[in-house]
Amino acid sequence: KQSPVWSNTIVFVMNDHLIPPSSVTSALSRNPERRMLMFALGGGIAPRVVETKGKTYDAAPTVIELLGVNSNYVFPIGESLLGNPSPARLDDESELREECLSAYLKSKNQVEEGSH
């Protein structure tokens with residue numbers, strides 16, 4: 001915090017998974033409400049707690065919004081947790097999610113095929 005660049009620096013910390021399979025897996029399965037952790041420090045960000053439930057794919061749009069980056073990119077399934085994201089994105093069995101992923105992968109494949 002003493003660095004002159006602190007006001008223009010944001011440090012993000014996020015775990016990438018809850019726990020790999022191990023001897024405590026059975027004990028953890030009794031607690032379905034485990035959560036991943038993500039937090040940001042610096043950059044003049046006002047301290048607050050976001051209670052909105054999210055998934056790993058919500059991290060990128062959340063970070064981009066927090067950084068104040070203006071982009072016209074639309075994430076296929078993730079949404080920023082700083083606003084009012086749709087609870088439907090948490091449904092792993094959602095047909096909409098599958099359609100979005102399929103369309104995204106198809107568009108990426110067409111771009112890659114066209115670039116050769």
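These legends walk through several close-up views of one predicted protein model.

Because the model is predicted, local features need pLDDT of at least 70 and side-chain atom pairs count only at pLDDT 80 or more, while totals for chains, interfaces and linings use all residues. Residues are numbered from 1 along each chain as its sequence is written, and side-chain values use heavy atoms, with hydrogens and water left out.

**View 1**
Let's get our bearings. The protein chain has three helices and two strands, and along the sequence they come in the order β-α-β-α-α. (Helices are DSSP runs of H or I with at least four residues, strands are runs of E with at least two, and both are numbered from the N terminus.) How much of the protein chain is buried? Of its 116 residues, 12% are, where buried means under 20% relative accessible area, exposed means over 50%, and partly exposed is in between (1.4 Å probe, protein chains only). The accessible surface of the protein chain is about 9,100 Å², and carbon and sulfur atoms own 56% of that; such areas come from the Shrake-Rupley method with a 1.4 Å probe, and for residues only the protein chains shown count as cover. Now for contacts, meaning heavy atoms within 4.5 Å. Take those in the protein chain between residues at least 6 apart in sequence: 55% of them join residues at least 24 apart.

Look in the loop between strand 2 (38–42) and helix 2 and you'll find D58. Is D58 buried or exposed? Its relative accessible area is 0%, so D58 is buried. The side chain of D58 has a polar atom 2.9 Å from the backbone nitrogen of K55, and that side chain also reaches the backbone nitrogen of E79 at 2.8 Å. (A polar contact is a pair of N or O atoms within 3.5 Å; within protein, one must be able to donate a hydrogen and the other to accept it, and residues adjacent in sequence count only if both atoms are side-chain atoms.) Setting aside neighbours within four places in sequence, D58 touches I77, G78, E79, L81 and R89.

Next up is T62, a member of helix 2 (residues 59–67). T62 has 5% relative accessibility, so T62 counts as buried. A polar atom of the T62 side chain sits 2.7 Å from the backbone oxygen of D58. Which residues does T62 touch, not counting those up to four places away in sequence? They are M38, E79, S80, L81 and L82.

**View 1. The buried side of the story for helix 2.**
The buried residues of helix 2 are A59, P61, T62 and V63, and they pack against strand 1 and strand 2. V63, in helix 2, counts as buried because its relative accessible area is 19%. Apart from residues up to four places away in sequence, V63 is in contact with F12 and M38. V63 and S80 are 17 residues apart in sequence, and their C-alpha atoms are 7.7 Å apart in space. Just after helix 2 comes G68, with a positive phi of about 80 degrees.

How many aromatic pairs does a search of the whole structure find? There's one. The partners are Y73 and F75: their ring centres are 4.9 Å apart and their planes are at 90 degrees, so the pair is edge-to-face. (Rings of Phe, Tyr and Trp, using its six-membered ring, pair if their centres lie within 6.5 Å; planes under 30 degrees apart count as stacked, over 60 as edge-to-face and the rest as tilted.) Y73 is partly exposed at 39% relative accessibility, and F75 is partly exposed too, at 25%.

V11, V13, L37, F39 and L41 make a nonpolar surface patch of about 390 Å². Strand 1 (10–14) and strand 2 are the elements that give two or more residues to the nonpolar patch. (Patches are made of residues with over 30% relative accessible area and no salt bridge; like charges are joined within 9 Å, and nonpolar side chains, namely Val, Leu, Ile, Met, Phe, Trp and Tyr, within 5 Å. A salt bridge is a side-chain nitrogen of Lys or Arg within 4 Å of a carboxyl oxygen of Asp or Glu.) L41 belongs to strand 2 and is partly exposed, with a relative accessible area of 43%.
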